[in-house]
Amino acid sequence: MTTPLLGLVLAVPMLGAALLAGTQPLRRRLLAEAIALAAAAGATVLCGLVLRLAIRRGELVYWFGGWRPHHGVAVGIAFAVDPLGAGLATFSGLLTIAALVFAWRHFDSVGHAFPALVLVFMAALIGFCLSGDLFDMFVFFELMTVVAIALTAYRSDQRSPLQGALNFGICNAIGGFLVLFGIALLYGRTGALNLAQIGVALRGAPHHGGALVVVAFGLIASGFFVKAAIIPFHFWLADAYTSAPTPVCILFAGVMSEMGLYGLARVYWTVFAGPLGADAGTIRPMLVVIGSVTALGGGVMCVLQHLPKRLLAFATIGSMGLFLIGFGLLDAGALAGVAVYVVADGLVKAGLFVCVGILQHRRADAGSLRVRGLGRGLRFTGLLFAVGALGMTATPGFGTFLGRSLIETAASSRPGYGWVPYVMSGAEVLIGGSVLAAWARIFLGWGPDDGDERAGESAEEGDELEVTSERTPAVLFVPALMLVAGGIATGVLPGVGRLAVSAAARFIDTAGYAGAVLGGHVAAVHPPRPAGPSIEEILVGLGLTGLTALFGLGVVAPRRLPFGPPAVRTFSRGVARRLHELHSGHPGDDVAWLVTGAAVVCGALVLALG
Amino acid sequence: MSFLPFAVAAWLLLVGLYGVVTSRHLVHLILCLGIVQASTYLLLLAIGYLHAGRAPIFVGITVGTPAVDPVVQALTLTDVVVEATVSALLLAIALQVDRRFGTVDPDAIRELRG
Amino acid sequence: MRTWLFLVAAAVLAAVLVDGLAGLPSFGHFHGVDGLTLDHVTVRQRHATDVITAINFDYRGLDTMGEEFILFASSVGLVVLLREQRSDRRQDARDGPAPPGGDARDPLLALVGRWGVAPIIVLGIYIVTHGQLTPGGGFQGGVILASALITLLVTSGGRGPRTIGRHGALEALEALGAGGYVAIGVAGIIAGLQFLSNFLPLGTAGALLSSGTITSLSTVVGLEVAGAIALIVAEFVEQGADSGTAR
Amino acid sequence: MTTLQAAVLIVVAASGTAVALTRDPTRQVILTGLFGLVLAVLFFVFQAPDVALSQIVVGSVALPAMVLLTLRELRRRAAERERGE
């Protein structure tokens, strides 16, 4: 199947960006905003239409320039779109719109450059989601990185955005080179760049294609782990997300990090599942363990944070760990869970970022360390923040809960992975508890005065304008409300789980994908019908939420940490200090850890499979 | 001997990373990133090379003459130009860092921590 | 500690890389199916003799669009970064004497500059438009054109703020290049084909106006590259130019 | 592989290493230009004239120019800071 719509999804935002940069809309801000919003909305609608088609008909394949494959050789570039990719593209579009609306009141003056960059970023996200070509994915990956550097450094009159952008740029550039090295290896072996064509060429290779294929997988995984901020590739993320303008954070935390894992999942299921499929039993525990370390590590770092944006940055790392666990289980049910979880978590987190933005808008001081009690009197924003915090906790009723229960079901049904739900719950208690604690500190004024907590932290969270205004503008509040409501909608709308499972089943159908791309035949998939969360699961979920609230409000907010006998206290204080020191913000350290991560991932794969 | 091009590519990757990790000057660091970048060009072109192959430009030679792989060259060509502008972006950030921090030594740039 | 961590990791990575690279076909024995196919069909299908240009601007034209926007985004981002810096500079510099580069306003030099760039421009245009025939194309020619633009900017008197207006022109140029590429892609759809499909007559292989949209796409990329690189270098030049007198 | 290719490869490896290990930025820029040039020669002997052309105009002209401009500005500011003190 094909559809002409796919030829336009990139053209709309890119033309919008060129128009904005070229005419600088006659220096009229409203006009610039209107062009940007129209382009973003147009592209999102196109993605939505593509999504609807993909759900109905399976893979949609679009050959740019009309260069269809002959005898299985594809010299052109294709967009090969399945429901999961189209869904992620549409979701990226929605968050872009939210970011643009939010930016409207966030900056004093936006200029033409900001919306132009956001539109290019959107095009990069969409292209990455839809592309069926390995090198083309890399191009969009690089485009994403470059725009993100520029957006992070947008408020270059302050210090922290510069440091954030620098570390971001260095680490992600290196991640890109690792991916490119992996691509070169695959091209050297197969002479192809089309995902399906590479997959077919490697399928059935003796001894899973030898060390070359294993190393290529390791390098590509490492490169994508940088973008996904998997521990220990994550050091750049907190610096960048803390200092980027808050509207941009919506996009960064909501979809950009997720793109790293999406890319890995796409490449795994189209290229590597053939040659390495027989070794899934070896790859699975590696991915799940790395995911668990990231989830728990991100959670612990959350507990140690004082600033709301930096907290949300580490919460993103924790979530990425949870998603990696889901992907790492390498089956349709868990992947469906990840898909739902990503969307719900992205919406809720974006809502929380907007709440922080409102705080910055209303209270000039939000950039400083004294966040305690800052939100007193902002009743609606506080309420919204609290609801969002519950969403981060995967409370039943939210899409995050549905996603988690799908992943956990998949894990429990696989022998040897019964421990996974405990790890996931533990990470969620840490993350959710920290967010709830932040809510209590900001909006209720709980906890000790922040003044005596400066140890180990010297960040100014400053990006934003310094006006204190009397009312929360609707363009800030309404998006926040809709984002958080969206997080609930993904959990309660009927059919979300079923849709996700059938999309995931199509996504992991390696042969079906190759057939659709190279042969033009869309295969039928017969996904299992997922059972909705049982009463028992819901009760456990509620119990976990209670536990999270207890932990967040009882332990984290009043700073009762560390607790226990003196020896334990000294020890955990020492650990906390070491963790703070480890996140030095030094590009050399970040890169050293990145290389270590790559060496561990590739080395372990080669030892186990090579 | 025929492994030499690939070995040089791997060497440039690692020595460039070494430069990045140990750098004491942001401009130096950015130029080291360029070395890492160059390693990927070298790898791609080395992979696509064919003994006694001509450049894939069919002026004065007939189609069917053995030629080296054109795809890797196309991939590399655009990347060369594009990555220079990315380096420029990083250089601009380095200039701004110098303005706000008064230094371009990564050891002295400590704003975000913990 | 940092260096040691790196060295250990790099040693492991080196071993792994060697292991992986050893699996490649040995140097000089590569017969990639995509490349072989393109070496055979390009001249016939696209009437272009330089296969690489045909790949960049046709077979894999979408990649080039992405790369072009990387260029676009980095130059837009760079201008934002450095302008902010200059604008607070200018506050200080406003009352100061004219910036250096005064010698650049020497009429003779301006004349030399104006005439001296003519051959560079011709060379740049030649390389941009002959990409489908011989080595070259929009990327290489664009950089050469950029150097001509910069020479013009410098020799015709960089009186600090005044050049901002010219930067506007450069920005418009690069936006035209970026937008033009997308527009040619959309024109393929309007002609009833795919995005980035060729919809122009192919001409005779080896002739200047051959290869349909390849030449047009190469030209807009030339504009984009020329505009972006000239803009970037001009911003760097101005860093020094109008801060020379500040403080 | 021809002797020419092997020789150029070794020069590339050596000059790349020199760029990474040279700490003085000004000297490093000169080496970077040289490295760019040698790399272009390598691309030529790898039968890639298009890439070589790209590499010459960018790697050994445009990029070093940008870096030199940056370094000039950094030096000027450092001198300014010293005078200020």
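In the predicted model, the contact between chains D and B takes 36 residues from chain D and 40 residues from chain B. On the chain D side, the elements giving two or more residues are helix H1 (3-21), helix H2 (25-45) and helix H3 (49-84). H3(D) gives the most to this side, with 17 residues. By residue class, the side of chain D that touches chain B divides into 22 nonpolar, nine polar and five charged residues.

The loop between H2 and H3 of chain D holds Gln47(D). Gln47(D) is not a glycine, yet its phi is positive, at about 65°. Gln47(D) counts as buried because it has 22 C-beta neighbours inside 10 Å, the cut-off for a buried residue being 20 or more.

H3(D) also packs against a helix of chain C. The axes of H3(D) and helix H6 of chain C (residues 138-155) come within 8 Å and cross at roughly 35°. The crossing of H6(C) past H3(D) is left-handed. From H6(C), the residues making this contact are Phe139(C), Gln140(C), Val143(C) and Ile144(C), and from H3(D) they are Leu53(D), Ser54(D), Val57(D), Val58(D) and Ala62(D). Seven residues of the contact of H6(C) with H3(D) are nonpolar and two are polar, with no charged residue. H6(C) itself has 18 residues, and the distance from its first C-alpha to its last is 25 Å, close to the 26 Å expected at 1.5 Å a residue. H6(C) is mostly covered, with 15 of its 18 residues buried.

Five pairs of chains touch, and the most contacts among them are between chains A and C. This contact takes 62 residues from chain A and 54 residues from chain C. Six helices of chain A give two or more residues to the side that touches chain C: H1 (11-23), H4 (113-130), H5 (134-152), H6 (159-190), H8 (210-228) and H22 (587-609). The chain A side divides into 42 nonpolar, 15 polar and five charged residues. In contrast, no contact joins chain A and chain D, and the closest C-alpha atoms of these two chains lie 14 Å apart.

The largest nonpolar core has 416 residues, of which Leu117(A), Val120(A), Phe121(A), Met144(A), Val147(A), Ala150(A) and Ala504(A) touch the most other members. Helix H13 of chain A (residues 332-362) gives the most to this core, with 21 residues.

Among the helices of chain A on the side that touches chain C is H6 (159-190). The end C-alpha atoms of H6(A) are 47 Å apart, which agrees with the 46 Å that its 32 residues should span at 1.5 Å a residue. H6(A) is largely enclosed by the rest of the structure, because 32 of its 32 residues are buried. Gly191(A) follows H6(A) and has a positive phi, near 70°.

Helix H1 of chain A contains Val12(A). Val12(A) counts as buried because 25 C-beta neighbours lie inside 10 Å. Apart from neighbours within four places in sequence, Val12(A) is in contact with Ala39(A), Gly42(A), Ala43(A) and Leu46(A). Leu605(A) is 593 residues away from Val12(A) along the chain, and the C-alpha atoms of the two residues are separated by 42 Å.

In the loop between H8 and helix H9 (235-243) is Pro232(A). The peptide bond joining Ile231(A) and Pro232(A) is cis, with omega about 5°. In the loop between helix H14 (379-392) and helix H15 (399-412) is Ala394(A). Ala394(A), a residue other than glycine, has a positive phi, near 60°. Ala394(A) is buried, because 32 other C-beta atoms lie within 10 Å.

Definitions and conventions:
Residues numbered from 1 in each chain as written. Chains lettered and ligands numbered in written order. Predicted model: local features only at pLDDT ≥ 70, side-chain atom pairs only at ≥ 80, totals over all residues. Contact = placed C-beta atoms within 7 Å. Helix = DSSP H or I, 4+ residues; strand = E, 2+ residues; numbered from the N terminus. Nonpolar A, V, L, I, M, F, W, Y, C, P; charged D, E, K, R; others polar. Axes fitted to C-alpha atoms, helices over the stretch in contact; angles between N-to-C directions. Left-handed = near helix turned anticlockwise from the far one by under 90°. Core = buried A, V, L, I, M, F, W, Y, C linked by C-beta atoms within 7 Å. Buried ≥ 20, exposed ≤ 12 C-beta atoms within 10 Å, placed from the backbone. Expected span 1.5 Å × (residues − 1).
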